[in-house]
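Work through the exercises below with the sequence and the model open. Try each task before reading its solution.

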Amino acid sequence: MEDKNWGYLWKVSKGNRMLYVGAIISMALTAVLSLLPPLVISITVDSIIGDEPFTASPIVVSMIHRLGGKSVLAQNLWICGLALVILNIFIGLFNFTRGKWSAQAAEGIARNIRNNLYDHLQRLPYDEHVKAETGDLIQRCTSDVETTRRFLAMQLVEMGRAIVLLAASLYFMLSLSVKMTFVSIAVIPIIFLFSFIFFSKIKKAFKEADEAEGRLSTVLQENLTGIRVVRAFGRQAYEARKFDEKNTEYTNLWYRLNTIMALYWSSSDLLAMGQIGAVLVLGVYWAALGEITLGTLMAFMSYEWMLLWPVRQLGRILSDMGRTQVSLGRIKEILEKPLEDMNEDGLTPPMDGDIEFRNVYFEYEQGKPVLKDVSFKVKGGQTVAILGSTGSGKSSLVHLLQGLYDYNKGSVTIGGVELRDIDKRYLRRQVGIVLQEPFLFSKTIKENIALAKLDASDKEIYKAASIAAVHDVIKEFERGYDTTVGERGVTLSGGQKQRVAMARTLILDSSILIFDDSLSAVDTETDNAIRQALSEHSKGVTTFIISHRITTISQADIILVMEDGRIVQSGTHEELLSQEGMYRRIWSIQNALEEELEKNLALS
Amino acid sequence: MSALKEQEYSKSIDFGLWKDLFKYIKPYRNRIIALIVVMMGSGGIDVIFPLMNRYAIDNFIVTGRLDKLWVFAGIYAGLVALQAINVYFFIYFAGRIEMSLSYDIRKAGFKRLQELSFSYYDKTSVGWLMARMTSDVERLGATIAWSLVDLTWGGTAMVGGLIAMLYMNWKLALISLAVVPFLGVISIYFQKRILGSYRIVRRTNSRITGAFNEGIMGAKTTKTLVREEENLKEFKALTGEMHTSSVRAAVFSSIYFPIVIAMGSIGTALALWFGGRGVLLQTIGFGTLSAFISYVTQFFGPINELARIIAEFQNAQASAERVMAMINTEPDIVDRPEVIEKYGTEFEPRHDNWEEIKGDITFKDVSFSYKEGEEVLENFSLDVKRGESIALVGETGSGKSTIVNLLCRFYEPVEGLILIDGVDYRERSQLWLQSNIGYVLQSPHLFSGTIRDNIRYGRLDATDEEVIEAAKLVNAHDFIMKMEDGYDSEVGEGGSMLSTGEKQLISFARAILADPRILVLDEATSSIDTETEQMIQYAINKLLEGRTSFIIAHRLSTIRSADRILVIKDGQMIEEGNHRELMKQGGYYYRLYTNQFREEQELSILKV
C-alpha cells in the first residue's frame, strides 16, 4: 500500500523527471558550493593575512600559487574578495535553477494530477455521480493535491538539501579537523530527534485547534445564513454569547499551542546556540594551544550556522511525510475507480427508426429490480408519454435510452440495432435528455445554451431559447444573453433553469428527445406554449415525455402508465380512457373539476 | 455591491484607519511594551555574539592565555540561556497579542453583524462576510503582532550591528555596508512582486476549486450532453494558467534570494578585502575582522525581513479596511435613544418596561422600495384584528414578502406607518416587536446541536417538559422518539441529518414554544410525501390557533381556511375577501385556485 502510493507519484511525474534531476543537481551544487566561501575566508585569514601554512587541498594551493602566491594576494586582497563574490554568484545561479526547475516540476506534476482527477471524475459511470459525496471529492481534489504539491515543491528538495549539506559539510569538516568535527555535530542528532518527535506529537494539538476553528466558523455561518431566525426570535444576545464561547475556546487552544511552540523554539534554540557556543569555546581552546588554526575555527563557526537550520527542518519534514502519503492514497482511490465503458468501437446506426423494448429488466442493486419485464414499441417520430408515481421506474426507463445505465435482461433496439452495441458517445449525442433538476454552469446564458454545440450561431441559440419560452425572459436581463448564471451572476428560478436546460438540449437537433419531468417548475400556460412550439420544431423526432400534467400526456401518440417497475397500461388516450385504471381516474378529475369546485364552494 | 469593490491591497497609508484600529490594540499596551523589550533584548544579544567571538580571538587565541576561558564560557552560556528565554517570551507575547486582537475584533464584528439591518444582508453575501470574519481578522492579528516582532528584532539587530561596526572601525563599517541601500531597494521591489504574484496564484487556485466543484456537481449534465472533452479542455486551460502563475511566482522568489546572497557577499568581500588589509597594516585586529565578517553576514537577514513587512503591510491594511468598514457600518434600522432608554438594547433588554402585546396590526398608507425609484409597495393599507388570519396570495415578486418583512420591521416603510396595538412600532424597540412575532420560514433553518436545543431556541428558559409538549403539539414527538438519541439527537450542520419535512416540524415546535402573539408563516412550496404533508398541515393549524397570523400561502387548504385572503399583484392589493367571496368574484383568485386545484388533484392521485 505504502509503496504503491509513492509509485503513483513516480508514474505521474513522467515528463517532469528531468527537471527534477536538474533541480536536484543544482541543489547539490548549491549545497556543496555554499561550503566554499567559509573556506575562502579561512584561507585568506590564516594563510594570506596570517602566517599559517596552506592546509587546503592541493588543487586550491596550486591555484593560489598560480595567482601569484601569498605575497601577491596579500597585496591584492580584492582577488580573495572577488573569489568570494564569484562563488556566491554561482551559488545564487544554482539556487535559482533549483528553485525554478523544482517549481516547474512540482507544478507540472500537480497539474497532471489535477487534470487526471478531473478527467477521471467526468468519465466515471453515471451511477457514481448519483451516489457521490461532493464535499469529500472536492477535498481530495484540492487539499490533498495541495499537500502533495507542497511536498514536491518544497519539502522534497529541502530534505535533499539537508542531507547533501550534512554529508558535504561533514566531509569538509573532517578534512579540516576531526576532533572539531565531533564537537560540531555532537548535539545535531539530538536536535534532529527533538524536532522530529516534537512535530509528530504536536499534530494532535494542531488538529484540535483546527477543529475548534471549524466550530467557530460553523456558528458564524449558521448565524449569518439564519439571521432571519435569529432576529425573529430576538436571539441576538444569545447568539453573541454562543459565538463568544466558541471564540474563547478557539483562542484558548491557540494560546496553549502558542505556549508549546514557544517552548519548542526556545529549547531548540538553546540546543543550537549551545552547540555553537561549544564549538567556539573548544575551538578557541584548541586554537590557543595551536592545535587548530584561527581560520579553521572560523570555517567551523560558519558551517555550524549553515547546518542547524536544515537539520531542524528535516525533523519537521519527516514528521510531515505521513500526511503526504495519506493524501496520495486518497487521490489514488478516486483514480482507481473503474471508468465507464464508452463502447467506442460500437455501431453508429441511424437513430430515427422504431424503438422497441422487449422484456427489459433493470436493477441498481442486486435483487431490487426497478424495471420488470418492460415491453413496448414506438414508431420513429412518435411521441411517448410516461405516467407514474415517484419510484415507479419511469426515470430509469428513459435513462436506459441514453445509455446512462445498462439493462440486465431483455433487449432494447433502435431501428433494429441493439442499444448495447451502439457507441455511447454517439448514442448520447443523438438522444437529447432534459433532466428534472438541471445543472447550469457558471458561464453566461449564451454559453450555457451552446454548451454542447460550441459553434452554434446566435440565431440558433435564440431559436432554441424561443422554443423553450425563455428568450423573452433572457432579453429582460440587464446583460441579456451575456448574463452570467450562478453564484457570481444572477440566480435563475427553478422554472427558468429548466427552460434554459431545455434550450441547451433542443439546440442539438437530436433524433430522440427525452423530457424527464423537465417542466415541473414551469407554470401550466408556459408548458402549453412550449409543447406547441416543440411539436412544430421537432417533427419526426421520437419524443419521450415524463410529466404529471394530464393535459400534456393526453396529446401523446402512446401513453405508458407505470407502476412498481411495470407497464400496467399502454395505448392512446382514447384507448386508455375506455379502460378501468389510473389514467381514467386522473382524467376524470378534469371533467369533475367544475363539479368539485362547486362542492368546495358550498363547503366553505 | 460591496464585494465588487474589494481590493486586496492598498497603496497609501491610511492613518485614520490605523487610529481606528488603535482602540483594539490599546488594551494590550503592556504586552506590546513587554514584547518590544524582549525583542530588543534578543536583537541586542544577536549583536553581542560576534563581539564575544572577537573577544575570544583577540584575547585567547592571539595571546594564547587561557586562564579566563572558562569564565568566558560561563558568560557565553549565560547569554545563550538568556537568548532562549527571550525566544520563549517573544513567541509567547506575540502569539498572545495576535490571538487576543483577533478575538476582540471577531467579537466586535459579530456584535455588529447582529445589529445590522437586512438591507445590509441583501447586498452582502454570507461568503463575503465569512471571509472578513475569518481570514481578514486572522491576517490582521498576525501581521500586527509578528511584524512588531520582526520590526523590533530587525531594527535592533541592524542598529546594534551598525553601532558595533562604527565603534570598532567606522571606515571599514561604511565600506562594508555600501551595498545595503541597493539591497534595501531591491528587496522591497521583489517582496512586493512576490506577494503580488502569489496573490494571483491564490486567486487561480480558488478558480480551480470552483471548477472541480462544478465538474462534480454538473457531471450528470456533462454526461448527458457528451461534453467531457470540452470540459477537460477548459479545465486544462485553467490548470495551465495555474502552472504558469505558480512557476512565475516561484521564479520571482528564486531570483530574489540569489540576488540577496550575491549582493550580501559583496559586503563580505569588501570587509575581507579592506579589513584584511587593515590586519596586514596592523590597524585592526584579527578579532575585529572576524566580527566584521559576522556582522556583515548578519546584516542581510533583517533587511529581508523589513522588506517583507513593508510588502505585507499593504495586504494587512486592505484587510483592516474591509474589517473596519464592516464593523463601522451603521444599521439602517435603529431604535431611537428614548426607545432604548425605556426598552433596552438587543443585548441588554429591559423586560420590565415592556408592554404586553395584543396583536392588532394596522398598515397605514405604507409605501416601500428596496431601491430608490422602484416602488415595491404603494399606499398599502390594512387593518388586522387580533386573532385574525391573513393569507397572502400572488406571484413571486408581487410584494407578499415585502409586506411580511415590513411587519417584522426587518425593513421600515419609506412612507406611511405601521401600528401595533395602535402604536407606531418605531416607538418601541425592535427586540420588543421581534420577540413577540413568530416567524416560520419556508426553508426552515436549524442550528447545529440537538433537537432539544433547536426547539428551545424559541424560549431559552423552557423546561424539558415544555419542549416535549411543543413537539407533541405539532406531531413531531413521534419521529423524534424514533431517533436513536431522541431529543438529544444531533441535527447536523444546518439540520442536514433531518428531512425537509422533519426540519419543518421542528421549526414549528420552536415557534410554538416561543408562543408569539403574531405569527408569520412563509409556506413551503416543495412537494413532500402526502403523509408528511398532512402532518405539516395539522401542525400549521395548531400553530395558528388564537394568534394574529400572516401566511404567504401556497397550499389550497391553508389559503381556504384563512379568515381573509389578500391577492397581491405588483405591489397592490387587487382582491380581498374570504375564499367564498373571492370565488364568487371569478377574478384572478378564481383562476389561480382552479389551476392549482387541478394540479394538486393530479399529484395526489399519482402519489398513492
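**Exercise 1.** Find the closest N and O atoms of A:Arg140 and A:Glu333 in this predicted model, and decide what kind of pair they form.

*Solution.* 
- Step 1. The closest N and O atoms of A:Arg140 and A:Glu333 are 3.0 Å apart.
- Step 2. The cut-off for a salt bridge is 4 Å. The pair therefore counts as a salt bridge.
- Step 3. A:Arg140 sits in helix H8 (residues 134-176) of chain A, and A:Glu333 sits in helix H13 (residues 294-335) of chain A. The two are 193 residues apart, so the bridge links distant parts of the chain.
- Step 4. Check accessibility. A:Arg140 has 11% relative accessibility and is buried, because buried means under 20%. A:Glu333, at 44%, is partly exposed.
- Step 5. Look for further partners. A network of salt bridges links A:Asp136, A:Arg140, A:Asp144, A:Arg330 and A:Glu333.

**Exercise 2.** Which parts of chain B does the salt bridge between B:Arg564 and B:Glu388 tie together?

*Solution.* 
- Step 1. Start with the distance. The closest N and O atoms of B:Arg564 and B:Glu388 are 3.0 Å apart.
- Step 2. Locate the residues. B:Arg564 is in strand E9 (residues 564-569) of chain B. B:Glu388 is in the loop between strand E2 (374-384) and strand E3 (389-393) of chain B.
- Step 3. Read off the separation. The parts tied together are 176 residues apart in sequence.
- Step 4. B:Arg564 is buried at 15% relative accessibility. B:Glu388 is buried too, with a relative accessible area of 15%.

**Exercise 3.** Classify B:Glu545 and B:Lys542 as buried, partly exposed or exposed, and give the distance of their salt bridge.

*Solution.* 
- Step 1. The closest N and O atoms of B:Glu545 and B:Lys542 are 3.8 Å apart.
- Step 2. B:Glu545 has 52% relative accessibility; exposed means over 50%, so B:Glu545 is exposed.
- Step 3. B:Lys542 has a relative accessible area of 23% and is partly exposed.
- Step 4. Over all chains, the structure holds 55 salt bridges.

**Exercise 4.** Describe the surroundings of B:Ser367. Is this residue buried or exposed?

*Solution.* 
- Step 1. B:Ser367 belongs to strand E1 (residues 361-371) of chain B.
- Step 2. Its relative accessibility is 5%, so B:Ser367 is buried.
- Step 3. List contacts, leaving out residues up to four places away in sequence. B:Ser367 touches B:Glu375, B:Leu377, B:Glu378, B:Asn379, B:Pro413, B:Val414 and B:Glu415.
- Step 4. The B:Ser367 side chain reaches the backbone nitrogen of B:Asn379 at 3.1 Å.

Terms used. Residues numbered from 1 in each chain as written. Chains lettered and ligands numbered in written order. Predicted model: local features only at pLDDT ≥ 70, side-chain atom pairs only at ≥ 80, totals over all residues. Heavy atoms only, no water. Helix = DSSP H or I, 4+ residues; strand = E, 2+ residues; numbered from the N terminus. Buried < 20%, exposed > 50% of the residue type's maximum accessible area, 1.4 Å probe, protein only. Polar contact = N/O pair within 3.5 Å; in protein donor to acceptor, adjacent residues only side chain to side chain. Contact = heavy atoms within 4.5 Å. Salt bridge = Lys/Arg side-chain N within 4 Å of Asp/Glu carboxyl O.
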